[in-house]
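Hello,

Here is the structure for your files. My notes follow below it.

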Amino acid sequence: MLSRILVEGYKSVDRIEMELGEFTLLSGVNSSGKSTIIQALLYIVQEQKRVRQGNKNDQYIEMGKFADIKNHVKGAKAVIFELDMEENGGFHTSRIKISAEEGITTTILETPSEKKRPDYTETHSLVYLPVDRIGVEKAYDLHTEASKEIGSHGEYTYSFLAMYGQEPIPEPMFVYETGEVGMSLNNQVNYWLEYLMGFHVQTDIVSDVDQVVVTYSNAKNNRYYRAKNVGTGVTYIAVLVIAALTCKSGDTLVVENPEIHLHPRAQSRFVEFLAYLSARGLQVILETHSDHIYNGVRKCVKKKTLSKDETAVYFLELDESMQTQVHRIKLNEQGAEENHPYGLFDQFDDDLDELLGM
């Protein structure tokens with residue numbers, strides 16, 4: 001599990017150190033630094049893979065020139081990232097320094113501990129779904145070369161479902177068992193998709209052109225429709241559900257703006273879905289602008305489906321010098337806030353006060 005991230009001298013960040021929980025939520029106004037934190041995390045993981053595998057890997061992000069990424073307001077001489085990770089019974093810190101003079105240097109440090117040395121050849125995976133993830137398409141590529149990858153934008157998610165939908169989901173601990181839901185990936189995806197949106201999804205491989213055709217049906221009938229003939233939100237949430245269920249315990253799922261095209265009820269229920277997986281070993285990191293996602297997290301803390309101590313909620317804003325400031329929101333056992341910075345999903349109350357003439 002990723003347990004701590006430090007970012008220094010990067011874009012609008014002077015120096016920020018954040019603890020990461022089993023479930024981490026990043027919120028804040030536009031351009032306040034949420035994506036900056038995620039970019040730093042992704043770049044560290046990307047560099048870890050490069051060091052371990054010995055080859056260049058730009059799977060997640062291309063950093064660019066130092067002059068483009070440094071904190072100009074503070075006159076940063078270097079960009080520094082650190083990420084603490086616990087895996088395979090061991091603990092280590094990855095540290096990256098980027099400067100104009102030295103370029104990029106990456107160091108993986110083993111932190112002294114009584115635990116055994118990490119096995120760097122067997123690492124957990126990070127699955128990232130950016131805000132511009134794959135949406136409605138007439139057909140999707142069948143990924144035959146690396147069939148168990150979902151792609152940097154989720155473009156191979158439906159390929160994964162088409163090729164492995166009849167098999168049990170990769171992580172048995174994630175199976176939702178009610179007596180009526182089977183263990184296959186198809187069954188598990190459709191159980192959650194029905195709960196979230198009232199729909200089922202079906203994939204068909206067109207082998208002659210290496211394409212996958214995806215259709216959806218309302219759970220109350222057996223008639224399937226192409227994606228353009230159902231709500232856009234169905235396609236977007238299906239990608240997220242499939243991607244999450246391709247993960248294993250110990251993996252990290254990072255999602256930007258999961259609320260895209262979703263009704264508030266579906267947003268709240270999606271948090272329930274992620275809380276179910278998080279309680280069984282999937283680390284979740286969400287970036288959101290939705291109070292429904294935020295309140296969904298609070299509700300799960302109250303219902304004990306998310307651990308209060310393992311849930312990290314942050315609010316980011318810019319100060320007068322345009323530097324990112326981070327506030328950690330403290331939630332009690334009832335999911336109530338113990339501190340509330342101004343700007344944290346206050347707009348509903350502000351609008352209501354104006355409507356009521358207060």
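Which residues make a nonpolar surface patch of about 470 Å²? The patch is made by F348, L352, L355 and L356. A patch here consists of residues with over 30% relative accessible area and no salt bridge, with nonpolar side chains (Val, Leu, Ile, Met, Phe, Trp, Tyr) joined within 5 Å and like charges within 9 Å. A salt bridge is a side-chain nitrogen of Lys or Arg within 4 Å of a carboxyl oxygen of Asp or Glu. Accessible areas come from the Shrake-Rupley method with a 1.4 Å probe, and for residues only the protein chains shown count as cover.

Before going on, some points on the source. This is a predicted model, in which local features need pLDDT of at least 70 and side-chain atom pairs count only at pLDDT 80 or more, while totals for chains, interfaces and linings use all residues. Residues are numbered from 1 along each chain as its sequence is written, and side-chain values use heavy atoms, with hydrogens and water left out.

Helices (H or I, at least four residues) and strands (E, at least two) are DSSP runs, numbered from the N terminus. L355 has a relative accessible area of 73%, so it is classed as exposed; the classes are buried under 20%, exposed over 50% and partly exposed in between (1.4 Å probe, protein chains only).

There is also a surface patch of negative charge, where E137, D141, D208 and D210 gather. Asp and Glu count as negative and Lys and Arg as positive, with His and the chain ends not counted; the place of a charge is NZ of Lys, CZ of Arg, CG of Asp or CD of Glu. E137 sits in the loop between β7 (126-129) and β8 (140-141) and is partly exposed, at 39% relative accessibility. D210 is in the loop between β9 (199-206) and β10 (211-218), and at 38% it is partly exposed too.

D210 also has a positive phi, near 50°, although it is not glycine. M322, likewise not glycine, has phi near 65°; its place is the loop between β14 (311-318) and β15 (324-329).

On cysteines, the structure has 0 disulfides (pairs of cysteine sulfur atoms within 2.5 Å). C247 is in none, and the nearest cysteine sulfur, that of C300, is 18 Å away. C247 is buried, at 1% relative accessible area, and C300 is buried at 2%.

Regards
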